[in-house]
Amino acid sequence: MLRCLGSKFVLSTFLALAALALPGSSQAKFRVLYTFKGGSDGSGPVASLIRDAAGNLYGTTEYGGTSGFGTVFRFAPDGTETVLYSFAGGEDGAYPAAALIMDGSGNFYGTTVGGGNGGCEGEGCGTVFKLAPDGTETVLHAFAGGSDGSGPAAGLIMDISGDLYGTTAAGGGTGCYSYGCGTVFKLAPDGAETVLYAFQGGSDGGNPSAGLIADKSGNLYGTTQYGGTGGIVSAGTVFEVTPDGQEKVLWDFCSKDSCEDGEFPVAGLIRDKAGNLYGTTTWGGIVGTAFKLAPDGTLATLHGFTDDPDGANPFGGLVMDKAGNLYGTTESGGKECGDYGSSCGIVFRIAPDGTETVLHAFRKGKGDGILPQAGLVKDGRGNLYGTTPTLTWHSGGGTIFEITP
(Lines give C-alpha, C1' and ligand atoms only; values in the text may rest on other atoms or scores of the structure.)
Protein backbone atom coordinates (compact mmCIF):
# COMPACT_ATOMS: atom_id res chain seq x y z
CA MET A 1 0.00 0.00 0.00
CA LEU A 2 2.69 2.50 0.95
CA ARG A 3 4.65 2.10 -2.27
CA CYS A 4 1.50 2.72 -4.29
CA LEU A 5 1.44 6.28 -2.97
CA GLY A 6 4.91 6.83 -4.39
CA SER A 7 4.30 5.07 -7.69
CA LYS A 8 3.77 6.72 -11.04
CA PHE A 9 0.29 5.55 -11.89
CA VAL A 10 -2.91 7.60 -11.57
CA LEU A 11 -6.56 7.16 -12.56
CA SER A 12 -8.93 9.76 -13.88
CA THR A 13 -11.87 10.30 -16.20
CA PHE A 14 -11.73 11.01 -19.91
CA LEU A 15 -12.22 14.73 -20.52
CA ALA A 16 -13.09 17.10 -23.35
CA LEU A 17 -10.69 18.07 -26.14
CA ALA A 18 -8.47 21.11 -25.77
CA ALA A 19 -7.08 23.31 -28.52
CA LEU A 20 -3.86 21.59 -29.51
CA ALA A 21 -0.91 22.09 -31.85
CA LEU A 22 -0.69 19.31 -34.38
CA PRO A 23 2.24 16.91 -33.85
CA GLY A 24 4.97 16.32 -36.38
CA SER A 25 7.56 13.62 -36.89
CA SER A 26 11.35 13.68 -36.98
CA GLN A 27 14.22 11.65 -38.34
CA ALA A 28 16.00 11.73 -34.99
CA LYS A 29 18.65 9.05 -34.58
CA PHE A 30 17.75 6.54 -31.85
CA ARG A 31 19.92 3.77 -30.44
CA VAL A 32 19.84 1.48 -27.45
CA LEU A 33 23.05 1.80 -25.45
CA TYR A 34 22.37 -0.96 -22.94
CA THR A 35 19.74 -3.62 -22.27
CA PHE A 36 19.36 -4.76 -18.67
CA LYS A 37 19.22 -8.50 -18.25
CA GLY A 38 16.93 -8.23 -15.25
CA GLY A 39 19.23 -10.02 -12.80
CA SER A 40 22.32 -8.90 -10.94
CA ASP A 41 22.82 -5.99 -13.36
CA GLY A 42 19.50 -4.46 -12.31
CA SER A 43 15.92 -4.29 -13.54
CA GLY A 44 13.36 -1.55 -13.94
CA PRO A 45 15.14 1.80 -14.34
CA VAL A 46 12.28 4.25 -13.71
CA ALA A 47 14.34 7.35 -12.90
CA SER A 48 16.26 9.90 -14.94
CA LEU A 49 19.99 9.57 -15.45
CA ILE A 50 22.80 11.94 -14.54
CA ARG A 51 25.97 12.42 -16.55
CA ASP A 52 29.55 13.35 -15.58
CA ALA A 53 32.16 15.28 -17.56
CA ALA A 54 33.69 12.06 -18.89
CA GLY A 55 30.37 10.96 -20.40
CA ASN A 56 29.54 8.28 -17.83
CA LEU A 57 25.83 7.88 -17.10
CA TYR A 58 24.62 7.04 -13.58
CA GLY A 59 21.24 5.87 -12.40
CA THR A 60 19.17 3.49 -10.33
CA THR A 61 17.08 0.42 -11.01
CA GLU A 62 14.08 -0.17 -8.80
CA TYR A 63 14.58 -3.95 -8.81
CA GLY A 64 17.29 -6.45 -9.59
CA GLY A 65 20.78 -6.61 -8.17
CA THR A 66 22.13 -9.43 -6.06
CA SER A 67 19.13 -9.39 -3.70
CA GLY A 68 16.40 -8.07 -5.99
CA PHE A 69 15.91 -4.77 -4.15
CA GLY A 70 17.49 -2.47 -6.72
CA THR A 71 20.84 -1.04 -7.73
CA VAL A 72 22.94 2.04 -8.34
CA PHE A 73 24.78 1.67 -11.66
CA ARG A 74 27.28 3.36 -13.96
CA PHE A 75 27.17 3.09 -17.74
CA ALA A 76 30.49 4.00 -19.40
CA PRO A 77 30.95 5.41 -22.92
CA ASP A 78 32.54 2.11 -23.96
CA GLY A 79 29.22 0.31 -23.30
CA THR A 80 30.18 -1.25 -19.98
CA GLU A 81 27.58 -1.32 -17.21
CA THR A 82 28.88 -1.57 -13.64
CA VAL A 83 26.72 -2.06 -10.57
CA LEU A 84 28.10 0.31 -7.96
CA TYR A 85 25.77 -0.93 -5.21
CA SER A 86 23.08 -3.59 -4.77
CA PHE A 87 20.51 -2.93 -2.06
CA ALA A 88 19.89 -5.74 0.39
CA GLY A 89 16.36 -4.66 1.29
CA GLY A 90 16.96 -4.12 5.02
CA GLU A 91 18.46 -1.21 6.87
CA ASP A 92 20.39 -0.13 3.76
CA GLY A 93 17.15 0.55 1.85
CA ALA A 94 15.08 -1.02 -0.91
CA TYR A 95 13.59 -0.03 -4.26
CA PRO A 96 15.41 3.13 -5.37
CA ALA A 97 12.99 4.85 -7.75
CA ALA A 98 14.62 8.27 -8.09
CA ALA A 99 17.53 9.93 -9.82
CA LEU A 100 20.85 10.53 -8.12
CA ILE A 101 22.86 13.66 -7.45
CA MET A 102 26.65 13.77 -7.19
CA ASP A 103 28.89 16.13 -5.18
CA GLY A 104 32.32 17.43 -6.11
CA SER A 105 34.04 14.50 -4.41
CA GLY A 106 32.19 11.88 -6.43
CA ASN A 107 29.74 10.88 -3.69
CA PHE A 108 26.22 9.99 -4.80
CA TYR A 109 23.04 10.82 -2.88
CA GLY A 110 19.62 9.31 -3.40
CA THR A 111 16.49 7.83 -1.87
CA THR A 112 14.84 4.46 -1.57
CA VAL A 113 11.07 4.03 -1.33
CA GLY A 114 11.34 1.13 1.15
CA GLY A 115 13.76 -0.38 3.61
CA GLY A 116 15.56 1.41 6.38
CA ASN A 117 13.71 0.00 9.38
CA GLY A 118 10.88 -2.35 10.26
CA GLY A 119 8.07 0.17 10.04
CA CYS A 120 5.48 0.67 7.32
CA GLU A 121 4.03 -2.84 7.41
CA GLY A 122 7.47 -4.33 7.88
CA GLU A 123 8.79 -3.17 4.50
CA GLY A 124 10.57 -0.12 5.87
CA CYS A 125 9.56 3.48 5.27
CA GLY A 126 12.42 4.48 3.00
CA THR A 127 15.84 6.06 3.29
CA VAL A 128 18.14 8.84 2.19
CA PHE A 129 21.53 7.32 1.35
CA LYS A 130 25.06 8.34 0.41
CA LEU A 131 27.25 6.16 -1.80
CA ALA A 132 30.98 6.85 -1.70
CA PRO A 133 33.25 6.35 -4.73
CA ASP A 134 34.59 3.15 -3.16
CA GLY A 135 31.06 1.66 -3.04
CA THR A 136 30.45 2.20 0.67
CA GLU A 137 26.79 2.99 1.33
CA THR A 138 25.73 5.07 4.34
CA VAL A 139 22.11 5.61 5.35
CA LEU A 140 21.85 9.28 6.22
CA HIS A 141 18.23 9.01 7.36
CA ALA A 142 15.72 6.20 7.76
CA PHE A 143 12.13 7.42 7.71
CA ALA A 144 9.89 6.23 10.51
CA GLY A 145 6.55 6.54 8.77
CA GLY A 146 5.06 9.15 11.06
CA SER A 147 5.49 12.88 11.15
CA ASP A 148 8.95 12.74 9.53
CA GLY A 149 7.54 11.22 6.33
CA SER A 150 7.73 7.93 4.47
CA GLY A 151 8.06 6.59 0.96
CA PRO A 152 10.48 9.05 -0.68
CA ALA A 153 9.95 8.46 -4.39
CA ALA A 154 11.91 11.46 -5.67
CA GLY A 155 15.50 12.60 -5.89
CA LEU A 156 17.29 15.25 -3.85
CA ILE A 157 18.88 18.65 -4.26
CA MET A 158 21.81 20.01 -2.24
CA ASP A 159 22.68 23.55 -1.16
CA ILE A 160 26.15 25.04 -0.75
CA SER A 161 26.20 24.02 2.93
CA GLY A 162 25.64 20.37 2.08
CA ASP A 163 22.04 20.31 3.27
CA LEU A 164 19.79 17.97 1.28
CA TYR A 165 16.17 18.71 0.38
CA GLY A 166 13.50 16.33 -0.83
CA THR A 167 9.94 15.10 -0.57
CA THR A 168 8.17 12.04 0.79
CA ALA A 169 5.00 10.77 -0.84
CA ALA A 170 3.47 9.74 2.48
CA GLY A 171 3.82 10.48 6.19
CA GLY A 172 3.45 13.97 7.56
CA GLY A 173 -0.16 15.15 7.76
CA THR A 174 -2.77 12.45 8.36
CA GLY A 175 -5.52 13.71 6.06
CA CYS A 176 -4.73 11.27 3.25
CA TYR A 177 -5.92 7.93 4.57
CA SER A 178 -3.73 6.39 7.25
CA TYR A 179 -0.47 6.83 5.36
CA GLY A 180 -0.24 10.59 5.48
CA CYS A 181 -0.13 13.29 2.83
CA GLY A 182 3.62 13.68 2.38
CA THR A 183 6.29 16.15 3.36
CA VAL A 184 9.00 18.53 2.21
CA PHE A 185 12.12 17.85 4.29
CA LYS A 186 15.63 19.14 4.91
CA LEU A 187 18.46 16.84 5.94
CA ALA A 188 21.58 18.37 7.48
CA PRO A 189 25.06 16.85 6.88
CA ASP A 190 24.95 15.40 10.41
CA GLY A 191 21.75 13.49 9.54
CA ALA A 192 19.33 15.72 11.44
CA GLU A 193 16.02 15.85 9.58
CA THR A 194 13.68 18.84 9.62
CA VAL A 195 10.21 18.66 8.13
CA LEU A 196 9.82 22.01 6.44
CA TYR A 197 6.22 21.36 5.50
CA ALA A 198 3.71 18.55 6.10
CA PHE A 199 0.90 18.42 3.55
CA GLN A 200 -2.64 18.12 4.83
CA GLY A 201 -4.23 16.79 1.64
CA GLY A 202 -6.68 19.65 1.21
CA SER A 203 -6.24 22.93 -0.62
CA ASP A 204 -2.49 22.81 0.13
CA GLY A 205 -2.01 19.63 -1.91
CA GLY A 206 -1.02 16.10 -1.04
CA ASN A 207 1.34 13.22 -1.84
CA PRO A 208 4.29 14.80 -3.69
CA SER A 209 6.07 12.15 -5.74
CA ALA A 210 8.51 14.50 -7.47
CA GLY A 211 11.64 16.26 -6.34
CA LEU A 212 12.27 19.95 -5.76
CA ILE A 213 14.06 22.84 -7.40
CA ALA A 214 15.29 25.98 -5.62
CA ASP A 215 15.79 29.63 -6.50
CA LYS A 216 18.61 31.93 -5.36
CA SER A 217 16.66 32.89 -2.24
CA GLY A 218 16.29 29.29 -1.12
CA ASN A 219 12.61 29.00 -1.98
CA LEU A 220 11.65 25.46 -3.01
CA TYR A 221 9.26 24.58 -5.83
CA GLY A 222 7.51 21.30 -6.58
CA THR A 223 4.29 19.51 -7.40
CA THR A 224 1.78 17.40 -5.48
CA GLN A 225 0.11 14.51 -7.23
CA TYR A 226 -3.22 15.06 -5.45
CA GLY A 227 -4.96 17.67 -3.36
CA GLY A 228 -5.95 21.20 -4.22
CA THR A 229 -9.23 22.99 -3.83
CA GLY A 230 -11.18 20.16 -5.44
CA GLY A 231 -13.18 22.09 -8.02
CA ILE A 232 -13.97 19.08 -10.22
CA VAL A 233 -11.25 16.74 -8.96
CA SER A 234 -8.56 17.28 -6.34
CA ALA A 235 -5.98 16.93 -9.08
CA GLY A 236 -2.75 18.29 -7.65
CA THR A 237 -0.84 21.53 -7.29
CA VAL A 238 2.30 23.47 -8.04
CA PHE A 239 3.65 24.80 -4.74
CA GLU A 240 6.36 26.95 -3.20
CA VAL A 241 7.86 26.42 0.26
CA THR A 242 9.95 29.23 1.76
CA PRO A 243 13.09 28.55 3.83
CA ASP A 244 11.07 29.11 7.01
CA GLY A 245 8.49 26.49 6.00
CA GLN A 246 5.64 28.63 4.65
CA GLU A 247 3.78 26.91 1.82
CA LYS A 248 1.99 28.70 -1.02
CA VAL A 249 0.00 27.04 -3.81
CA LEU A 250 1.04 28.63 -7.10
CA TRP A 251 -1.40 26.65 -9.25
CA ASP A 252 -4.33 24.41 -8.46
CA PHE A 253 -5.08 21.93 -11.27
CA CYS A 254 -8.61 21.17 -12.34
CA SER A 255 -10.05 23.80 -9.99
CA LYS A 256 -12.01 25.71 -12.63
CA ASP A 257 -14.91 24.51 -14.77
CA SER A 258 -12.77 21.97 -16.66
CA CYS A 259 -9.51 20.06 -16.40
CA GLU A 260 -7.96 21.26 -19.63
CA ASP A 261 -5.07 22.68 -17.59
CA GLY A 262 -4.10 19.16 -16.52
CA GLU A 263 -4.48 16.67 -13.69
CA PHE A 264 -2.15 14.73 -11.42
CA PRO A 265 1.38 16.11 -11.90
CA VAL A 266 3.83 13.37 -11.01
CA ALA A 267 7.05 14.92 -12.31
CA GLY A 268 9.09 17.80 -10.96
CA LEU A 269 9.65 21.23 -12.44
CA ILE A 270 12.34 23.14 -14.29
CA ARG A 271 12.79 26.91 -14.13
CA ASP A 272 14.12 29.39 -16.69
CA LYS A 273 16.06 32.61 -16.10
CA ALA A 274 12.84 34.64 -16.12
CA GLY A 275 11.37 32.56 -13.31
CA ASN A 276 8.89 30.62 -15.44
CA LEU A 277 8.20 27.07 -14.26
CA TYR A 278 7.70 24.18 -16.68
CA GLY A 279 6.28 20.73 -16.00
CA THR A 280 3.92 17.96 -17.05
CA THR A 281 0.65 16.45 -15.88
CA THR A 282 -0.18 12.80 -16.40
CA TRP A 283 -3.82 13.44 -17.27
CA GLY A 284 -6.13 16.28 -18.25
CA GLY A 285 -6.16 18.17 -21.52
CA ILE A 286 -7.17 14.70 -22.77
CA VAL A 287 -4.28 12.40 -21.71
CA GLY A 288 -1.71 14.75 -20.20
CA THR A 289 -0.18 18.17 -20.69
CA ALA A 290 3.06 20.11 -20.78
CA PHE A 291 2.64 23.50 -19.11
CA LYS A 292 4.34 26.80 -18.35
CA LEU A 293 3.58 28.71 -15.15
CA ALA A 294 4.65 32.37 -15.19
CA PRO A 295 5.76 34.29 -12.08
CA ASP A 296 2.46 36.24 -12.17
CA GLY A 297 0.53 32.99 -11.70
CA THR A 298 -0.62 32.61 -15.30
CA LEU A 299 -0.58 29.03 -16.58
CA ALA A 300 -0.29 28.23 -20.28
CA THR A 301 -0.79 24.73 -21.69
CA LEU A 302 2.08 24.28 -24.13
CA HIS A 303 0.76 20.96 -25.43
CA GLY A 304 -2.17 18.72 -24.67
CA PHE A 305 -1.41 15.09 -25.49
CA THR A 306 -3.97 13.13 -27.53
CA ASP A 307 -2.53 9.57 -27.42
CA ASP A 308 -1.97 8.69 -31.10
CA PRO A 309 0.45 9.68 -32.47
CA ASP A 310 1.69 12.38 -30.08
CA GLY A 311 1.84 10.32 -26.87
CA ALA A 312 -0.07 10.08 -23.61
CA ASN A 313 0.57 10.26 -19.87
CA PRO A 314 3.93 12.03 -19.40
CA PHE A 315 5.25 10.79 -16.05
CA GLY A 316 8.70 12.34 -16.46
CA GLY A 317 9.83 15.93 -16.28
CA LEU A 318 11.15 18.21 -19.00
CA VAL A 319 14.58 19.39 -20.12
CA MET A 320 15.17 22.61 -22.11
CA ASP A 321 17.82 23.47 -24.69
CA LYS A 322 19.33 26.90 -25.40
CA ALA A 323 16.71 27.60 -28.07
CA GLY A 324 13.85 27.06 -25.63
CA ASN A 325 12.79 23.65 -26.98
CA LEU A 326 11.45 21.25 -24.35
CA TYR A 327 12.12 17.51 -24.43
CA GLY A 328 10.48 14.67 -22.54
CA THR A 329 8.82 11.25 -22.66
CA THR A 330 5.31 9.88 -22.38
CA GLU A 331 4.69 6.56 -20.68
CA SER A 332 2.09 5.51 -23.24
CA GLY A 333 0.63 6.71 -26.50
CA GLY A 334 2.21 6.66 -29.90
CA LYS A 335 1.56 3.72 -32.19
CA GLU A 336 -0.28 0.58 -31.09
CA CYS A 337 2.16 -2.02 -29.85
CA GLY A 338 0.89 -3.88 -26.79
CA ASP A 339 -0.83 -7.12 -25.91
CA TYR A 340 -3.98 -5.22 -24.97
CA GLY A 341 -4.09 -2.76 -27.87
CA SER A 342 -2.15 -0.31 -25.77
CA SER A 343 0.70 1.95 -26.82
CA CYS A 344 4.28 2.05 -25.68
CA GLY A 345 5.25 5.69 -25.30
CA ILE A 346 7.31 8.29 -27.13
CA VAL A 347 10.14 10.80 -26.86
CA PHE A 348 8.96 14.28 -27.82
CA ARG A 349 10.11 17.81 -28.48
CA ILE A 350 7.92 20.88 -27.95
CA ALA A 351 9.06 24.05 -29.74
CA PRO A 352 8.55 27.50 -28.20
CA ASP A 353 5.53 27.99 -30.47
CA GLY A 354 3.89 24.85 -29.03
CA THR A 355 4.53 22.54 -31.97
CA GLU A 356 5.16 18.99 -30.78
CA THR A 357 7.44 16.62 -32.68
CA VAL A 358 7.65 12.89 -31.99
CA LEU A 359 11.36 12.04 -31.98
CA HIS A 360 10.85 8.34 -31.31
CA ALA A 361 7.89 6.01 -30.82
CA PHE A 362 8.66 2.88 -28.80
CA ARG A 363 7.46 -0.38 -30.31
CA LYS A 364 7.11 -3.75 -28.62
CA GLY A 365 9.42 -6.39 -30.00
CA LYS A 366 11.88 -3.93 -31.51
CA GLY A 367 14.33 -4.18 -28.61
CA ASP A 368 14.19 -0.48 -27.77
CA GLY A 369 12.11 -0.89 -24.61
CA ILE A 370 8.64 0.40 -23.79
CA LEU A 371 6.77 2.58 -21.30
CA PRO A 372 9.37 5.26 -20.45
CA GLN A 373 8.54 6.88 -17.12
CA ALA A 374 11.59 9.10 -16.59
CA GLY A 375 12.72 12.40 -17.97
CA LEU A 376 15.80 12.90 -20.13
CA VAL A 377 19.32 14.24 -19.61
CA LYS A 378 21.08 16.26 -22.30
CA ASP A 379 24.79 16.51 -23.10
CA GLY A 380 26.65 19.52 -24.50
CA ARG A 381 26.07 18.42 -28.09
CA GLY A 382 22.31 18.14 -27.65
CA ASN A 383 22.15 14.35 -27.44
CA LEU A 384 19.44 13.06 -25.12
CA TYR A 385 19.70 10.05 -22.81
CA GLY A 386 16.92 8.18 -21.05
CA THR A 387 15.62 4.86 -19.77
CA THR A 388 12.75 2.46 -20.25
CA PRO A 389 11.77 0.19 -17.34
CA THR A 390 10.95 -2.89 -19.40
CA LEU A 391 11.33 -4.52 -22.81
CA THR A 392 7.83 -5.98 -23.04
CA TRP A 393 4.77 -5.79 -20.83
CA HIS A 394 6.00 -8.30 -18.27
CA SER A 395 9.65 -8.95 -19.09
CA GLY A 396 11.45 -6.65 -16.65
CA GLY A 397 14.94 -5.59 -17.58
CA GLY A 398 14.77 -2.24 -19.34
CA THR A 399 17.07 -0.12 -21.49
CA ILE A 400 19.31 2.92 -21.61
CA PHE A 401 18.89 4.85 -24.86
CA GLU A 402 20.35 7.80 -26.75
CA ILE A 403 18.59 10.15 -29.15
CA THR A 404 20.28 12.64 -31.44
CA PRO A 405 17.54 15.13 -32.43
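This is a predicted model: local features need pLDDT of at least 70, side-chain atom pairs count only at pLDDT 80 or more; totals for chains, interfaces and linings use all residues.

Reader: What makes β7 and β8 a pair, then?

Author: The cut-off is at least two bridges, and 2 bridges join β7 (residues 101–102) to β8, so they qualify as paired. The two strands run antiparallel, with methionine 102 standing opposite phenylalanine 108. Their hairpin has 5 residues between the strands, and glycine 106 takes a positive phi near 90° there.

Reader: What makes β8 mostly covered?

Author: Count its residues: 5 of 5 are buried in β8 (residues 108–112). That goes for both faces, with Phe108, Gly110 and Thr112 on one side and Tyr109 and Thr111 on the other. As background, side chains in a regular strand alternate between the two faces of the sheet.

Reader: Why are β11 and β14 called edge strands?

Author: The open sheet has 4 strands in the order β11-β12-β13-β14, with antiparallel pairing. β11 (157–158) and β14 (193–198) each pair on one side only. β11 is joined to β12 (residues 164–168) by 2 bridges, and methionine 158 stands opposite leucine 164.

Reader: Is glycine 222 buried or exposed, and how do you know?

Author: Buried means under 20% relative accessible area. Glycine 222 has 0%, so it's buried. You'll find glycine 222 in β16 (residues 220–224).

Reader: What is glycine 222 in contact with, beyond its neighbours within four places in sequence?

Author: Gly211, Leu212, Thr237, Val238, Phe239 and Leu269. The C-alpha atoms of glycine 222 and threonine 237 are 8.4 Å apart, with the residues 15 apart in sequence.

Reader: Which residues have the most contacts inside the largest nonpolar core?

Author: Val238, Phe253, Leu269 and Leu277, in a core of 27 residues. β20 (277–281), β21 (289–293) and β25 (346–350) each supply at least two of the core's residues. Apart from this core lies another, of 14 residues, among them Phe30, Val319, Tyr327 and Cys344.

Reader: Why is the link between arginine 31 and glutamate 402 called a salt bridge?

Author: The nitrogen must be within 4 Å of a carboxyl oxygen. For arginine 31 and glutamate 402 the closest N and O atoms are 2.6 Å apart, so the label holds. Arginine 31 is partly exposed at 43% relative accessible area, whereas glutamate 402 counts as buried at 9%.

Reader: How many salt bridges does a search of the whole structure find?

Author: It finds 2.

Reader: What makes arginine 381 and aspartate 379 a salt bridge?

Author: Their closest N and O atoms are 3.7 Å apart, and the cut-off is 4 Å, so they count. Arginine 381 is exposed, since 68% is over the 50% line. Aspartate 379, at 3%, counts as buried.

Technical notes
Residues are numbered from 1 along each chain as its sequence is written. Side-chain values use heavy atoms; hydrogens and water are left out. Buried means under 20% relative accessible area, exposed over 50%, partly exposed in between (1.4 Å probe, protein chains only). Contact means heavy atoms within 4.5 Å. A nonpolar core is a set of buried Ala, Val, Leu, Ile, Met, Phe, Trp, Tyr and Cys residues joined through side-chain atoms within 4.5 Å. A salt bridge is a side-chain nitrogen of Lys or Arg within 4 Å of a carboxyl oxygen of Asp or Glu.
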